[in-house]
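This report describes how the parts of one protein chain are arranged. Look at the sequence and the model first, then read on.

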Amino acid sequence: MIIREMQVDEAGKIKEIDRSERIDLIYVNNKNDGLKEIKAGHECPTWSLEELDQLINRFKFEVTNGGKAYGAFDKDCLVGFGVLGHKFRGTNKDQLQIDLMYVTRAFRRQGIGRQLMDELSREARHRGARSLYISSTETESAVNFYKSSGSELTTELDDELFALEPNDIHMIKKL
């Protein structure tokens with residue numbers, strides 16, 4: 001397994017990721033009571049062609065505008081990736097966003113996500129960020145991954161990101 005920086009012309013490799021998963025629980029962020037568990041009990045398929053196009057365009061936008069992407073490769077196959085957004089966020093403009101982060105189904109729970117998170121954190125610190133802003137899908141696996149990586153619910157929502165993904169669980173990871 002090799003973790004390395006990805007270039008903008010590699011955005012199409014996202015097609016190699018199988019994001020499908022069994023979702024038993026999702027979370028809803030109730031501002032007064034914190035996270036509330038809701039039983040889901042369904043299989044989430046991999047991306048549609050439209051979703052893939054959107055992800056590829058997000059990847060290209062961030063990397064072209066100064067963000068950075070890292071990929072985990074098994075030989076030549078992309079099995080995980082993470083994208084650090086280019087734009088500083090937060091009241092003090094000291095946060096960078098984890099814009100995308102996925103590990104393909106067959107390679108989950110092998111430490112790949114943690115290695116990608118370490119690379120993104122190192123790059124964010126290098127750029128002067130004091131924390132990472134995470135707008136996580138509401139699935140149990142995603143939220144628990146970010147929490148186990150040191151992230152916590154944020155009290156300072158990013159209005160732009162919240163408007164784009166209001167059902168996401170918005171978190172901060174101090175660097």
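A right-handed β-α-β unit is formed by E6, H2 and E7. A crossover counts as right-handed if, with the strands pointing away from the viewer, the path from the first strand over the helix to the second runs clockwise. Helices (H or I, at least four residues) and strands (E, at least two) are DSSP runs numbered from the N terminus.

The model is predicted: local features need pLDDT of at least 70 and side-chain atom pairs count only at pLDDT 80 or more, while totals for chains, interfaces and linings use all residues. Residues are numbered from 1 along each chain as its sequence is written, and side-chain values use heavy atoms, with hydrogens and water left out.

Two strands pair if DSSP finds at least two bridges between them.

| Strands | Sense | Bridges | Partner residues |
|---|---|---|---|
| E6 and E7 | parallel | 4 bridges | Gln95 and Ser131 |

Buried means under 20% relative accessible area, exposed over 50% and partly exposed in between, with a 1.4 Å probe and protein chains only. In a regular strand the side chains alternate between the two faces of the sheet. In E7, Ser131, Tyr133 and Ser135 point one way, and Leu132, Ile134 and Ser136 point the other way.

The largest nonpolar core has 21 residues, of which Ile98, Met101, Met117 and Tyr146 touch the most other members. Such a core is a set of buried Ala, Val, Leu, Ile, Met, Phe, Trp, Tyr and Cys residues joined through side-chain atoms within 4.5 Å. Helix H2 gives the most to this core, with 5 residues. Met117 touches residues including Ile98, Met101, Leu132, Ile134 and Tyr146, where contact means heavy atoms within 4.5 Å. A second, separate core of 16 residues includes Leu52, Val63, Val83 and Leu100.

In helix H3, the buried residues are Ala142, Val143 and Tyr146. They cover an arc of only 95 degrees around the axis, which puts them on the same side of H3; the arc is that of the directions from the helix axis to the C-beta atoms.

The chain has 4 helices and 9 strands. Buried residues make up 44% of its 175 residues.

Methods:
Lists of a residue's contacts leave out its neighbours within four places in sequence.
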